[in-house]
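Have the viewer open as you read.

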Amino acid sequence: MTSGLHSQLPKALVAIFALALASASFDVAHADDEKPGFFKKLFGGGSKTETPPPAPEPEKKPAAKPKPEPEKTATKKSTSSKPPRVIITTTGGKKVEIGKKTAPAKTVAKTETPKPKEEPIKDVTKSSASKDNEAPMKGEFKEDDDDKTASTEKSKAVEVLPANGGWEIIKIGGRDYVTAESIRNFYNPVYGFTTFRTQGTHFWLGSSKLILKAQIGSQEMLINNIKFILSFPVMEYNGKVLFSRLDLCKLIDPVLYPSHIQNAEFFDTVVVDAGHGGHDAGARGIYGYEKDFALKMAMSVRAALMQRGFKVILTRATDTFITLGGRVAIANQTPKSIFLSFHFNSGGAAATGIETWALTPQSAAATISRGGGYNVNGVTGNKQDSANIALATAVHASVISRFKFVDRGIKRAQWSVLTGCKRPGILFEGGFVTNGAECQLVASETYRQQVSAAIGDAVLNYRKALESAMVKR
């Protein structure tokens, strides 16, 4: 990554990332026809550009997630007399409208500055996952816990460092933060930002190609209405909005600038992992067990990937038990490959939505308490941090932006199937089997085929987005 990287960025890639603003109420049936840009190839979703109003309203916080309830029996049916809500609009089902979000007003941004160097992984060790993760297929993917809320209290130790290559760096409590102005200035030649606004605790950075929204004190960030969970909360100091340097290097830059991801390697094979199996049934859903749904999804994804020219290796093709280490070994022994692990969530009857997991970066904590804790020294999978988050973004956004699913976000954890993986890898949670309507979709072959097609396109687009970086290697 060099200061001249903007001039090196292929014009095609600039166009690839130019997702038109994705209003939450857009018609997914026409999304592919309406949207140009980077999200088209990397993310696979979006909609027409909207003109920001002069005074945006603060973004509303989502309702608190209910705590998990006891698991339901596999044979118990939905008690509702009404048919489950259909949310796949591409097959002609009933559309579910989500409240529209208002884009911010316009201002003008300029000036290009050099990019800060990313700190290398200090040590590569064995997985530091929690004891629950070490137990064979138990505890790692059980009922969903409430998301961990990071403390937003500022340390009294604040140090404003001299500008580093044009980057404003402020150290708070020993951690480096970069100003939002620095981020705007660096990526402005690519995205042409016209909006840079703070209203209360809400922050917007946007253009016709990309809108980034964040809130001071929160770890949630939206890029073109796709939710990301940051490693550290957004901060404010002296009127300046601050993002941690770790989040800049491990999330923002790989997502906004995938063509310069380091260590990018060409791949033509996808290792598809169906979670659980055999004596480990996984989550118990309204219409069946997670292990069976995961295997059916894996087979459907396999077909979609093969149609797009990829070779596919399955960690299991039948109802058999494979250890977590065995799954990782298959991925690591498969050359020129990436790794996709498929699971389904469990929680309270009202819990719903899609979430995608990438490995926790070194020097950060997992998104949830059961996700392996604080990653002190780094693990094997951290060598692929940038590729991991780009792959997670491609898959998650492709599914979320095509269907009316609740977006639970792209999150971080030290799951055992990710910590030791030497290939780019993610874990995809395709819905809640403990939610009657959502489990009915999960049990539907049509649902699995539609989602598999979106995932197949995402993998193809992910490879295209990283193509120039692969060629350089």
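The largest nonpolar core has 84 residues, and Phe243 and Ile455 have the most contacts inside it. Such a core is a set of buried Ala, Val, Leu, Ile, Met, Phe, Trp, Tyr and Cys residues joined through side-chain atoms within 4.5 Å. Helix H10, residues 385-402, gives the most to this core, with 10 residues. Helices (H or I, at least four residues) and strands (E, at least two) are DSSP runs, numbered from the N terminus. A second, separate core of 16 residues includes Ala331, Phe339, Leu359 and Ile368.

Before going further, a word on the source: this is a predicted model, in which local features need pLDDT of at least 70 and side-chain atom pairs count only at pLDDT 80 or more, while totals for chains, interfaces and linings use all residues. Residues are numbered from 1 along each chain as its sequence is written, and side-chain values use heavy atoms, with hydrogens and water left out.

Back to Ile455: leaving aside neighbours within four places in sequence, Ile455 is in contact (heavy atoms within 4.5 Å) with Val301, Leu340, Phe342, Val395, Val399 and Phe428.

Helix H10 also holds Asp385. Is Asp385 buried or exposed? Asp385 is buried, at 2% relative accessible area; buried means under 20%, exposed over 50%, and partly exposed in between (1.4 Å probe, protein chains only). Beyond four places in sequence, Asp385 is in contact with Lys250, Leu359, Pro361 and Gln362.

Now for the charges. Side chains of opposite charge can pair when their charged atoms come close. The structure holds 12 salt bridges, each a side-chain nitrogen of Lys or Arg within 4 Å of a carboxyl oxygen of Asp or Glu. In one of them, Lys240 pairs with Glu168, the closest N and O atoms being 3.3 Å apart. Lys240 lies in strand E10 (residues 240-244) and Glu168 in the loop between E1 and strand E2 (169-172), so this pair ties together parts 72 residues apart in sequence. Glu168, Glu181 and Lys240 are linked in a network of salt bridges.

Asp457 is worth a look too. Arg308 forms a salt bridge with Asp457, the closest N and O atoms being 2.8 Å apart. That pair links distant parts of the chain, 149 residues apart. Arg402 also forms a salt bridge with Asp457, at 3.0 Å between the closest N and O atoms; here Arg402 sits in helix H10 and Asp457 in helix H13. Arg402 is buried, with a relative accessible area of 13%, whereas Arg308 counts as partly exposed at 23%.
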